[in-house]
Structure formats: structure tokens, C-alpha cells
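These notes cover the sheet, the helices packed on it, and the aromatic side chains. Please read them alongside the model.

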Amino acid sequence: MKLSKQDILKALETISVPGEGGNMVETGAVKNVMTFGDEVIVDITITNPSLQAKKRTEVDILKTIHEQVYEKAKITVNVKVDAPATPKVNVIKGNAIPGIQNIIAVASGKGGVGKSTVTANLAVSLQKMGFKVGILDADIYGPSIPIMFDVEKERPLAVDINGKSKMRPIESYGVKVLSIGFFTQPDQAVVWRGPMAAKALNQMIFDAHWGEIDFLLIDLPPGTGDIHLSIMQSLPITGAVIVSTPQVVALADAKKGVAMFQQESINVPVLGIIENMAYFTPNELPNYKYYIFGKDGAKNLADDLGVKFLGAIPLVQSIRESGDVGSPAALQIDTPLSEAFKSITQNVVQEVVNRNEALPPTEAIKITTMAGCAAPKK
């Protein structure tokens with residue numbers, strides 16, 4: 001059988017370059033294709049120097065040509081590595097995802113302040129306002145978004161998009177959701193080092209078919225570390241929202257979270273701070289407020305740091321109950337709780353509008369070889 005060069009190139013267009021994104025032909029990785037009867041020679045150059053990347057490239061080419069062109073083709077793959085010289089400063093670029101208009105990172109300095117709960121209710125409130133919304137659960141080691149949307153037993157299906165296999169996010173209450181929790185057992189601990197976690201995140205980001213999204217919320221893990229840098233390396237973040245309780249211990253870590261985004265080397269706009277568990281009002285005493293974790297702590301922090309205070313959420317039992325049964329509290333109609341989330345969400349949207357009018361899109365983050373750990377300039 002005589003093979004066609006055009007058929008070979010068309011098949012190679014369905015393969016992504018390992019670690020680079022884009023298909024092998026469009027990115028220019030394929031340097032030459034020669035055919036002689038049923039023989040094929042493919043010359044390709046990649047930038048990833050790892051043996052795994054070279055092997056995967058070769059295997060993907062062999063498999064694709066055999067499946068899409070001719071199963072008995074005799075194929076020779078010449079893989080050349082052209083790794084760029086390591087610069088003095090690592091330039092970390094965010095790649096925009098077609099169809100996604102705004103990406104908001106929801107972060108906290110420490111765990112246990114209700115960051116995932118706030119993310120879930122922000123998403124539902126945005127959806128109720130008529131926006132198209134998605135959530136990327138980037139809390140690799142403690143994914144809780146599937147539980148809060150009652151989809152922990154769901155599994156994303158593959159969908160063919162222009163000849164490429166993509167993950168279709170799970171949809172619940174009109175919100176599209178992807179989480180590492182969909183790919184692990186409920187009692188399975190995710191014991192991964194940073195690079196493996198970052199790879200999993202990149203797959204959920206770029207191998208998913210999000211469609212048209214007005215707001216993609218990213219539920220980040222607590223703290224300031226490798227996952228945060230990986231996200232900012234992968235995506236152009238529109239802005240960040242910090243969640244904290246009024247407690248002094250939580251505020252100390254929330255301040256570090258704000259400082260991380262405001263570093264000169266990162267420079268992601270902080271849209272504001274949300275105070276969760278602001279006060280407790282018992283049902284039998286509706287006019288009383290008990291400030292269990294302190295009063296106005298996050299509000300005062302926002303004032304001190306010169307960022308927007310987006311609003312306060314009371315400590316209410318129904319928030320916890322709603323999250324546990326997979327029905328976010330913001331779904332309630334005309335309750336003080338749903339109104340609180342509505343007000344906060346409106347403030348977030350307004351800050352996004354202000355940010356987009358005043359600042360250019362976040363395109364590239366430059367991080368030093370110390371991985372952005374230098375103290376911000378005062």
C-alpha cells in the first residue's frame with residue numbers, strides 16, 4: 001500500500017506535544033515526513049528532555065498512524081530534543097483557554113476557614129445571576145467540591161472535540177465542575193509529590209472541554225506553595241479572592257496569602273477579602289450577634305492592606321448542613337444567608353469589572369529561580 005504524506009500529517013494533528021500543548025503539526029514540532037510505499041519516516045523535535053517524553057512521543061506517533069492511516073505501516077520515528085537554555089529568570093506564562101472569560105482564584109492562608117464552602121456558594125450565586133460558571137477543584141490533597149455539589153460518585157466522560165478526546169466536566173446546579181476527587185476512591189489518600197500534582201492539574205485544565213465560561217473559579221489548597229505557583233504558571237489569573245475568619249491566627253496567614261499574589265514577581269490582582277464565620281446568631285435570639293472568632297478582623301485587614309472588603313458570612317448551621325448534603329446554601333430563596341452570598345458575589349463581579357477596565361489581562365508571570373519566594377518590596 002502506498003501511504004500519503006497528507007494522511008500522515010492529518011493523523012499527527014490529533015497528537016499533543018508532551019508538556020507543551022498544541023498538536024505536533026501546528027506547533028512545528030514535526031520537521032519532516034517521508035513516505036516510501038508502506039514505509040513512513042517522521043522527524044520530530046521536542047523541548048522536553050525527559051526519556052518519558054521521548055518514549056511517549058514515539059509511541060503516540062506509532063499508535064496514531066497504525067490506527068488512523070494503515071495498521072501495517074512500517075514506521076521510523078526520529079525524536080530530537082532541543083531543550084531551551086535555562087534562563088537566569090524563569091518566565092512562567094499563563095495560557096488562555098478559549099471560551100473562558102475570567103479566572104478567579106479563591107485562596108486562604110490556612111485550612112478550615114471555609115474556602116471551599118465560599119467557592120461553591122460563589123459559583124451558585126453567579127449561576128443564579130445568569131453567568132456561565134465552572135469550578136476547578138485544585139485542592140489536590142483534600143478535594144471537597146464534589147461532595148458539596150452532590151456529585152462525588154460521578155465520573156467525567158470523554159467527548160470528541162475536533163478529533164481530540166477531552167474530558168467533559170460534571171454539571172450540577174448549572175455549574176461545571178472538575179476535581180481530582182472524580183478520579184480517586186473516597187477513602188484513597190492522594191500521596192503525590194509536587195510535579196505529579198501539577199501534571200494532574202494541567203490535565204484537568206487543558207484536557208477538559210469547558211465550553212463557554214464567564215467565570216472559572218479555582219478552589220486552591222490552603223497556604224502558599226507549589227500548587228499555587230503551578231496554577232499561575234498554567235493560567236492567566238484575572239484576580240484572587242482571599243477567605244479568612246476574624247480570628248487572629250487565620251488573619252496572620254490570610255495576610256501571607258494576599259502578599260503572595262501581590263509580590264512583584266507574581267502580580268495577580270487581589271479582588272478582595274471575604275470574612276467567613278463572622279458572627280453567630282442563635283435562632284431563638286435573632287437580634288443577638290456573638291463574635292466567636294473576633295469582630296471585624298478580616299474587614300480591618302482589608303483596610304490595612306488597601307484591598308476591597310467583599311463582605312461577611314455568618315456562622316450558620318445550615319451552611320454546613322447544605323454543604324454536607326450537596327446543596328449549597330446560596331440555592332436558598334430570599335433567606336439572610338442567600339442574600340449575604342448574593343451581596344458578596346455582586347461585589348466580586350464589580351471588582352472584576354473594575355479590574356478589567358483598569359488593568360491589562362494577566363499574561364505572564366516572572367518568577368525568580370527561588371520560585372517566587374523573595375519578600376515583596378515595600
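1. Eight strands form an open sheet in the order β9-β10-β6-β11-β5-β12-β13-β14, and the pairing is mixed. Strands are DSSP runs of E of at least two residues, helices are runs of H or I of at least four residues, and both are numbered from the N terminus; two strands pair if DSSP finds at least two bridges between them. β9 (170-172) and β14 (309-312) are the edge strands; each has a single partner strand, so one side of each lacks a neighbour in the sheet. From one strand to the next the twist averages 25 degrees.

2. The model is predicted: local features need pLDDT of at least 70 and side-chain atom pairs count only at pLDDT 80 or more, while totals for chains, interfaces and linings use all residues. Residues are numbered from 1 along each chain as its sequence is written, and side-chain values use heavy atoms, with hydrogens and water left out.

3. Strands β6 (residues 133-137) and β10 (residues 175-179) run parallel and are joined by five bridges. Within this pairing, Gly134 stands opposite Lys176 in β10.

4. Helix α3 (residues 115-128) packs on the sheet and touches β5 (100-107), β6, β10, β11 (213-219), β12 (239-244) and β13 (270-275), contact being heavy atoms within 4.5 Å. The direction of α3 makes about 170 degrees with that of β11. Helix α7 (residues 248-262) lies across β5, β12 and β13, at about 175 degrees to β12. Axes are lines fitted to C-alpha atoms, for helices over the stretch in contact, and angles run from 0 to 180 degrees between N-to-C directions.

5. There are four aromatic pairs, counted where ring centres of Phe, Tyr and Trp (its six-membered ring) lie within 6.5 Å; planes under 30 degrees apart are stacked, over 60 edge-to-face, and the rest tilted. Phe131 and Phe215 are edge-to-face, because their ring centres are 5.1 Å apart and their planes at 90 degrees. Phe131 lies in the loop between α3 and β6, and Phe215 in strand β11, 84 residues apart. Phe215 is buried at 4% relative accessible area, whereas Phe131 is partly exposed at 26% (buried is under 20%, exposed over 50%, partly exposed in between; 1.4 Å probe, protein chains only).

6. Tyr288 and Tyr290 form a stacked pair, with centres 6.3 Å apart and planes at 20 degrees. Tyr288 is partly exposed at 48%, and Tyr290 is partly exposed at 39%.

7. The charged end of Lys289 sits over the ring of Tyr279, 4.4 Å from its centre (the criterion is NZ of Lys or CZ of Arg within 6 Å of the ring centre and within 35 degrees of the ring normal).
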